[in-house]
Amino acid sequence: MPDVTRRMLLLLTQLQTGRRFTGQELAGRLAVSPRTLRRDVERLRDYGYPVSTQPGPSGFYQLAAGRTLPPLVLDDDEAIATLVGLALLGSTSSPDPDERAGIGAAAARAFGKIDQFLPKRLRPRATALRATVEAAPQTAPAVDPEALTTLGLAASRHELVTFDYTGRGGRDSHRRVEPYRQVHLHLRWYLLAWDTERADWRTFRLDRVRDLTTTAVPFTPRPLPARSAADYLRAGITAGRYRAVVTVAAPASEVADRLKFQDCDIESLGPARCRVTVWVDSFEWLVLTLAFLDVDFVIDEPAQFRARSRELAQRLRAAGSARLISRSGSAPTLEPDQREEH
């Protein structure tokens, strides 16, 4: 690829983030002079990209939102990431036959025609990738793309919304909330919002939201109740579960593969050790799962988990030392092996 073309793609990649750049910052990122940068910006404008500028000490370059744009410009890695992301999202479907639409179906449709929007040089590679990538189906509740975009606009504009909501127990209610974030966790979409009637933060599953309506009523943004919306959501989901911290004599990647469907944090402590913080419904399940790793592990906390593990270990030893006997046609019973010390 000629240097000018490569430089133009790099410039466009920077501008497509939507943020403002000073001329010095952009010239430094592209390793060109301010004069060359100005020429490249003019070339983009000639191609139809609406690049806005403001001269002076506080000047900037920014890609404005135009009504029409030339074909989507992605570098090779971005095109691959886009296709893989669409494939993964498109593999999700609702178990309810009446809910075949949703963001997953939209992603599947986009996956089938994304190459039409790419530059010619990338189309053969995109087509080949699309024809050979297949994601295993995953079951997830359907979420309306319109709901995602409506909530996204309302959150960015700080505008109240109302909707009808079906709670976990099947109870319906009408809500009036300040939307803040939408979070994707465990194949579910959630909304983090301030409930005005309950005067508290709430999370709502988007597949249970109906009759979503914007109100054009503004609100003053509040600070988030946690470091991030995802952290707040996880704290709510794990409330009532047992928290355990375990140091495992195995690489973090190996443990992550075994616990890939669990809500946990895994911290690498080197090439052969890691610390796992996990929230579970039962300690019994966790100790057996860790035992199946066939490596040593130490329970750091809580003490209740250590005590329960010792009880299970004693029970397993007792089961291993018992033998079946039968007395005159009676059903087999268990007797302890007298060789086992008690």
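Predicted model: local features only at pLDDT ≥ 70, side-chain atom pairs only at ≥ 80, totals over all residues.
## Basis

Local features need pLDDT of at least 70 and side-chain atom pairs count only at pLDDT 80 or more, while totals for chains, interfaces and linings use all residues. Residues are numbered from 1 along each chain as its sequence is written, and side-chain values use heavy atoms, without hydrogens or water.

## Helices α4 and α5

Helix α4 spans residues 76-90, and helix α5 spans residues 103-111. Helices here are DSSP runs (H or I, at least four residues), as are strands (E, at least two), numbered from the N terminus. The two helices pack at about 140°, with axes 7 Å apart. Axes are lines fitted to C-alpha atoms over the stretch in contact, and angles run from 0 to 180 degrees between N-to-C directions. The crossing of α4 past α5 is left-handed (near helix turned anticlockwise from the far one by less than a right angle).

From α4, the contact uses L83, L86, A87, L89 and G90. From α5 come I103, G104, A107, A108, A110 and F111. Contact means heavy atoms within 4.5 Å. These residues divide into 9 nonpolar, 2 polar and no charged. Ala, Val, Leu, Ile, Met, Phe, Trp, Tyr, Cys and Pro count as nonpolar; Asp, Glu, Lys and Arg as charged; the others, Gly among them, as polar.

## Largest pocket

The largest pocket holds about 760 Å³. A pocket is an open set of points on a 1 Å grid over the protein atoms alone, where a 1.4 Å probe fits, with protein on both sides within 12 Å along at least five of seven lines. Its volume is the space filled by probe spheres set on points joined across faces, edges and corners.

The lining has 24 residues (an atom within 4 Å of a point). R168, Y190, R205, L233 and I237 lie nearest the centre. Elements giving two or more residues are β4 (138-139), β6 (172-185), β7 (188-195), β8 (200-205) and α8 (229-238). β8 gives the largest share, 5 residues. The lining divides into 10 nonpolar, 6 polar and 8 charged.

## Backbone features

E301 and P302 are joined by a cis peptide bond, with omega about 0°. P302 sits in the loop between β13 (297-301) and α11 (303-320).

H186 has a positive phi near 55° and is not glycine. The loop between β6 and β7 holds H186.
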